[in-house]
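Please keep the structure open as you read.

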Amino acid sequence: MKFSKAFIPTLKEAPSDAIIPSHVLMIRAGLVRMVSAGIYSFLPVGYKIIRQISEVIREEMNAIGGQEFHLPALNPKEIWDSTGRTEAFGEVLFHIKNRDYVLAPTHEEIMTFHAKGVLASYKDLPQIWYQIQTKFRNESRPRSGVIRGRQFLMKDAYTFDATTEGLDHAYSLHDQAYRKIFDRCSLKYFVVGAASGAMGGSKSEEFMVKSDAGEDTVAYCEKCGYAANVEVAQSKVDTVKRRGESKDYYEIHTPNIKSIDELCGFLKIDETETAKSRVYIHNGAPVLILMLGNEEVNESKLASVLGGEVRPAHPEELAEIAGADAGSIGPIGFKHRIIADNRLKDGNNLYSGANKNDYHIGGIDLKRDVTNLEYFDLRYAQTGEQCPNCGEVMEVFKAIELGHIFKLGTKYSEALGAMFLDEEGKEHPIIMGSYGIGVERILACYIEQNYDDKGIIWDTALTPFHVHLIGINMKNDIVVETSTKLYEEMQSWGYEVLFDDRTDGSAGVKFNDADLLGMPVQVIVGERNIKEGMIEVKVRRTDERMKIELGALKDKLSELIQK
Ligand SMILES: Nc1ncnc2c1ncn2[C@@H]1O[C@H](COP(=O)(O)OP(=O)(O)OP(=O)(O)O)[C@@H](O)[C@H]1O
Ligand SMILES: [Mg+2]
Ligand SMILES: [Zn+2]
């Protein structure tokens with residue numbers, strides 16, 4: 001590809017709404033352009049990378065026996081009504097106004113529609129069906145570029161089995177294929193076991209990467225691979241030890257002291273001597289939650305401990321429930337159920353609210369003063385705490401989902417009547433799995449993990465071109481002749497070459513574009529070197545530059561570029 005003829009609109013600066021590195025760099029390198037919020041066009045170089053990623057996915061899906069489909073994006077709304085998902089997707093589903101159509105956000109319904117009546121016998125099973133196709137979701141806050149688009153490419157696969165063992169097998173095939181795909185794309189990823197939520201299945205796992213653009217927060221142990229959403233993540237952390245002899249509890253006047261920080265400052269005590277109180281309403285009844293110091297209540301853990309309906313009490317309810325406002329509530333004299341976080345287990349000489357505005361109580365002994373106090377893990381795991389599996393220090397960070405594998409079970413086959421006959425002629429719903437990967441997310445997340453202040457840094461696997469050939473002064477005959485010859489030659493050696501043959505660009509502009517676009521190897525043709533029979537080669541990732549003899553280029557490239 002000759003740069004002078006190519007459409008590669010690089011930019012010095014990205015628009016100010018691009019914040020995360022991958023978004024900035026994809027725009028600056030001319031890979032994409034935004035058309036409207038969450039809607040992007042891929043320009044030729046960007047789309048070349050998308051096709052390469054798709055090809056990696058395709059190869060690994062075919063390797064596990066997947067068969068490629070191409071389903072319509074335009075779906076009759078009726079079929080979505082029949083599984084209840086028109087409602088489940090709600091605002092996220094795009095509707096076509098003049099017809100009863102929706103734009104598909106995923107394809108469980110349509111795939112099941114094709115299985116129905118056709119995969120009719122156990123002999124027709126198992127099947128692995130997939131496609132790489134555009135999905136539509138009216139994401140409420142599209143941002144971070146193509147990472148959260150309203151239109152995006154997904155590889156979605158669906159498996160159909162007669163037995164749960166069959167589903168287990170299909171699931172593990174996908175697990176392995178996903179690892180190969182992400183490895184081949186040189187991504188550093190980890191796997192999180194997840195609740196499958198609205199999809200309605202029994203087991204699911206998310207493949208994730210660390211990214212500030214992520215909307216999930218996870219705790220991760222690099223040593224053993226433990227990874228969990230903070231909503232459920234555990235950690236090994238000290239409980240408050242009993243401190244000295246328990247005093248009798250006593251009231252302290254604390255005018256205008258509301259937060260734990262203010263209380264600690266006022267009484268000159270440490271946070272770990274305090275128990276923070278939060279009131280929730282559980283199935284209509286108040287519950288007091290005690291947390292150590294300033295720790296937040298993990299509402300997901302609370303909900304799963306309590307079951308049923310749980311919500312924070314409204315400020316106006318507190319006077320009635322506790323006789324005080326939020327900053328002055330505590331366990332002593334609280335008339336309803338009380339539960340506490342494990343870290344407070346049997347703590348004594350603690351400070352908490354007095355259930356009387358502007359008063360706190362000191363000398364609280366939870367073992368002595370609160371009868372039948374129940375303890376649960378109700379906190380968020382934090383960076384620096386120990387892994388529940390292996391005890392190594394964990395990190396908590398934002399992460400983004402690249403892919404997701406679900407054991408769906410029979411939800412869709414039952415809703416749509418996709419049944420098969422077993423060996424005895426008995427009818428059963430087909431057992432299904434579903435497996436998604438965001439294609440653009442692979443690209444964006446790769447860049448998030450591989451860039452520097454000058455631009456993108458490609459590995460051989462995904463790079464749009466192997467070599468970026470730069471003719472420094474394309475008005476100089478010797479440079480034109482040598483670089484043109486090298487352009488042909490390197491292609492004949494099997495490399496894809498982007499040839500910066502622009503006659504008008506300065507050397508500086510060409511070098512900057514080469515670094516921004518990030519091809520793994522740059523070959524630089526300048527008059528002085530050629531006259532000495534030499535050529536300059538630069539490795540983008542390490543910034544290493546070497547002057548080598550022209551005749552040594554072929555070997556050098558095969559050393560630097562592992563195809
Ligand atoms: N709005 C989007 N833009 C780009 N890719 C997306 C988007 N939503 C989902 N994906 C990709 O499609 C894959 C499968 O879709 P799935 O329904 O499991 O995602 P999701 O759980 O909605 O993801 P998220 O939690 O990030 O919204 C995801 O793992 C992700 O890589
Ligand atoms: Mg989503
Ligand atoms: Zn661990």
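1. Start at the surface: D261, E262, D270 and E271 gather there in a patch of negative charge. Patch members have over 30% relative accessible area and no salt bridge, and like charges are joined within 9 Å. E262 sits in helix 7 (residues 260–267). E262 is partly exposed, at 37% relative accessible area.

2. The model is predicted: local features need pLDDT of at least 70, and side-chain atom pairs count only at pLDDT 80 or more. Residues are numbered from 1 along each chain as its sequence is written.

3. Now the rings. The whole structure holds 13 aromatic pairs. Rings of Phe, Tyr and Trp (its six-membered ring) pair if their centres lie within 6.5 Å; planes under 30 degrees apart are stacked, over 60 edge-to-face, the rest tilted.

4. Take Y178 and F207. Their ring centres are 5.4 Å apart and their planes are at 55°, so this pair is tilted. Y178 lies in helix 6 (residues 164–184) and F207 in strand 10 (residues 204–210), so the pair ties together parts that are 29 residues apart in sequence. Y178 and F207 are both buried (buried means under 20% relative accessible area, exposed over 50%, partly exposed in between). Y178, F182, Y189 and F207 make up one aromatic cluster.

5. Is the pair of Y446 and W458 stacked or tilted? The centres are 5.0 Å apart and the planes at 5°, so the pair is stacked. Y446 belongs to helix 12 (residues 439–449), while W458 is in the loop between strand 26 (455–456) and strand 27 (467–471), so the pair ties together parts that are twelve residues apart in sequence. Y446 and W458 are both buried.

Terms used. Chains are lettered from A and ligands numbered from 1 in the order in which they are written. Side-chain values use heavy atoms; hydrogens and water are left out. Patches are made of residues with over 30% relative accessible area and no salt bridge: like charges are joined within 9 Å, nonpolar side chains (Val, Leu, Ile, Met, Phe, Trp, Tyr) within 5 Å. Accessible areas come from the Shrake-Rupley method with a 1.4 Å probe; for residues, only the protein chains shown count as cover. A salt bridge is a side-chain nitrogen of Lys or Arg within 4 Å of a carboxyl oxygen of Asp or Glu. Lys and Arg count as positive and Asp and Glu as negative; His and the chain ends are not counted. The place of a charge is taken as NZ of Lys, CZ of Arg, CG of Asp or CD of Glu. Helices (H or I, at least four residues) and strands (E, at least two) are DSSP runs, numbered from the N terminus. Buried means under 20% relative accessible area, exposed over 50%, partly exposed in between (1.4 Å probe, protein chains only).
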